[in-house]
Amino acid sequence: MITVLVADDQAMIRAGFAALISAQPDLQVVGEAGDGLEAVTAARDLRPDVVLMDVRMPHLDGLEATRRITGAGGSKVLILTTFDIDDYVYAALRGGASGFLLKDAPPADLITAVRVIAAGEALLAPSVTRRLIEEFATRQPIDEREALRLNALTPRELDVLRLVAAGLANAEIAGELTIAEETVKSHVGRIFTKLGLRDRAQAVMLAYESGLVVPGNPSPAARRGSRLRS
């Protein structure tokens, strides 16, 4: 059973998400929060697998709440917002959020996102996530400290990271590099370990911020890829 905490300052939206989640046989809503402070406290006390986090909330915004929750370890955060390009969302991903989804996404997308993030498999989000990361990556120079971190990777691991940032699933990366899917999973795991990354969300951000991937100039493989999931 995957446990979920719903954090949103609008009671009707909380109720809607809670009802949708509770209707699934493998998902359970263990709590609700009306602001960021309540979300942090509830996440600490209830230790849910996934927190659905609104971006803009009173007392403590979703960004700082995400940082505190992910910093404590355990729960993973899925950011929900009405904005497809939002400074808060970008910062929340940098702060440890595992995914990003628009509030008007189809219900099936939300349910799938919760399951995938809870399993720790990957970042799942529509293509707007990559567009959001590209948008903000173009506003800042390459982070030399992030670039130096890539020295820990082998050439093959760098190839895999580029394709992860392009939005390709593990099976697609395997096809692109002509290697087994299990080998791709092993490479991804080593990349996460070497770079101290929690998930694909942080991997994608590092690829852009280090200059490994140039916003707006994807490789042929990147153009074929359209997802940020495995």
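Which residues in helix 8 (residues 155–165) are buried? In this predicted model, they are Glu157, Leu158, Val160, Leu161, Leu163, Val164 and Ala165; buried means under 20% relative accessible area, exposed over 50%, and partly exposed in between, with a 1.4 Å probe and protein chains only.

Residues are numbered from 1 along each chain as its sequence is written, and side-chain values use heavy atoms, with hydrogens and water left out. Because the model is predicted, local features need pLDDT of at least 70 and side-chain atom pairs count only at pLDDT 80 or more, while totals for chains, interfaces and linings use all residues.

**Figure 1. Overview of the protein.** The protein has 12 helices and 5 strands; these are DSSP runs numbered from the N terminus, with helices being H or I of at least four residues and strands E of at least two. Of the 230 residues, 51% are buried. Among contacts (heavy atoms within 4.5 Å) with a separation of 6 or more, 71% are between residues 24 or more positions apart.

Figure 2. Strand 1 (residues 2–7) pairs with strand 3 (residues 50–54) in the parallel sense over 4 bridges. Val4 has Val50 in strand 3 as its bridge partner. Strands of a sheet pair through backbone hydrogen bonds, either parallel or antiparallel.

Figure 3. Axes are lines fitted to C-alpha atoms, for helices over the stretch in contact, and angles run from 0 to 180 degrees between N-to-C directions. Arg14 is located in helix 1. Arg14 counts as buried because its relative accessible area is 16%. Leaving out residues up to four places away in sequence, Arg14 touches Val6, Asp8, Asp9, Glu32, Ala33 and Gly34.

**Figure 4. Helix 2 against helix 3.** The axes of helix 2 (residues 36–46) and helix 3 (residues 62–72) come within 9 Å and cross at roughly 10°. The two helices, helix 2 and helix 3, are therefore roughly parallel to each other; angles under 35 degrees count as roughly parallel, over 145 as roughly antiparallel, 65 to 115 as roughly perpendicular and the rest as oblique. Gly36, Leu37, Ala39, Val40 and Ala43 of helix 2 make the contact with Ala65, Arg68 and Ile69 of helix 3. Thr41 also belongs to helix 2 and, at 33% relative accessibility, counts as partly exposed. Between Thr41 and Ala65 there are 24 residues in sequence and 9.5 Å in space, C-alpha to C-alpha.

**Figure 5. Helix 8 against helix 10.** The axes of helix 8 and helix 10 (residues 181–195) come within 10 Å and cross at roughly 95°. Helix 8 and helix 10 are therefore roughly perpendicular to each other. On the helix 8 side, Arg156, Glu157, Val160, Leu161 and Val164 meet His187, Val188, Arg190, Ile191, Lys194 and Leu195 in helix 10. Just after helix 8, Gly167 takes a positive phi of about 95°.

**Figure 6. Ser210 and its surroundings.** Ser210 lies in the loop between helix 11 (200–209) and helix 12 (220–224). Ser210 is buried, at 6% relative accessibility. A polar atom of the Ser210 side chain lies 3.3 Å from the backbone oxygen of Ala207. Residues up to four places away in sequence aside, Ser210 touches Ile142, Asp143, Glu146, Ala147 and Leu150.

Figure 7. His59 is not a glycine, yet has a positive phi of about 70°. His59 lies in the loop between strand 3 and helix 3 and is exposed, at 67% relative accessibility. Thr178, also not a glycine, has a positive phi of about 55°. The loop between helix 9 (170–177) and helix 10 holds Thr178, which is exposed with a relative accessible area of 70%.

Technical notes
Pairing = 2+ DSSP bridges. Polar contact = N/O pair within 3.5 Å; in protein donor to acceptor, adjacent residues only side chain to side chain.
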